[in-house]
Every structure is written in structure tokens, then in C-alpha cells.
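Look over the chain below before reading on. The walk-through goes from the whole chain to single residues.

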Amino acid sequence: MSGNPSPEELAALVAVVAAAGSGGASDSPAPRSEWSARHRLVRGPHRHGPGAWRASAR
């Protein structure tokens, strides 16, 4: 090794570095928090009648 790599050695080095750099990414997106879910912003219907106040606390 005198500091002048052959084209084959250089290609091997590039292949190793490229393979090492691309191994950590995943294709699936990160899970979303339920706190930011849009369906949580929609309220259910208001119930009328006996026990409505008690049912509203649930």
C-alpha cells in the first residue's frame, strides 16, 4: 500500500462505505401520537334525559 489504490480497491472501498451509510433508514413512517389524532377532536352527541349529567363525565 503505497497510497495509490487500484481502481478495484477504490471501487471496493466505495461499495463498503455506501453499504454502511444506507443501513439505518427504515421505510415505515414513525408512529403518530394519539394526542394529535383528528378523530379525538370530534365530540359525540349530547344525551338528554335522566342521568345525562352523570353520563357526560364519562
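Start with burial. The protein chain has 58 residues, and 3% of them count as buried. Keep in mind that this is a predicted model. The accessible surface of the chain comes to about 6100 Å². Carbon and sulfur atoms account for 60% of that area.

Next, the secondary structure. The chain has two helices and zero strands. Helix α1 covers residues 7-21, and α2 covers 52-56.

Take α1 and check its length. With 15 residues at 1.5 Å a residue, α1 should span 21 Å. The expected span is 1.5 Å times one less than the number of residues. How many of the 15 residues of α1 are buried? The number is zero, so α1 lies largely in the open.

Now go to one residue on that helix. Leu 13 sits in α1. Its relative accessible area is 51%. The cut-off for exposed is over 50%, so Leu 13 counts as exposed. Leu 13 also belongs to a nonpolar surface patch with Leu 10, Val 14 and Val 17. Together these four residues have about 380 Å² of accessible area.

Finally, leave the helix for the loop. Glu 34 lies between α1 and α2. Its relative accessible area is 47%, so Glu 34 is partly exposed. Which residues does Glu 34 contact, leaving aside neighbours within four places in sequence? They are His 39 and Arg 40.

Terms used: Residues numbered from 1 in each chain as written. Predicted model: local features only at pLDDT ≥ 70, side-chain atom pairs only at ≥ 80, totals over all residues. Heavy atoms only, no water. Patch = residues over 30% accessible without salt bridge, like charges linked within 9 Å, V, L, I, M, F, W, Y side chains within 5 Å. Areas by Shrake-Rupley, 256 points an atom, 1.4 Å probe, with all protein chains shown as cover. Salt bridge = Lys/Arg side-chain N within 4 Å of Asp/Glu carboxyl O. Helix = DSSP H or I, 4+ residues; strand = E, 2+ residues; numbered from the N terminus. Buried < 20%, exposed > 50% of the residue type's maximum accessible area, 1.4 Å probe, protein only. Contact = heavy atoms within 4.5 Å.
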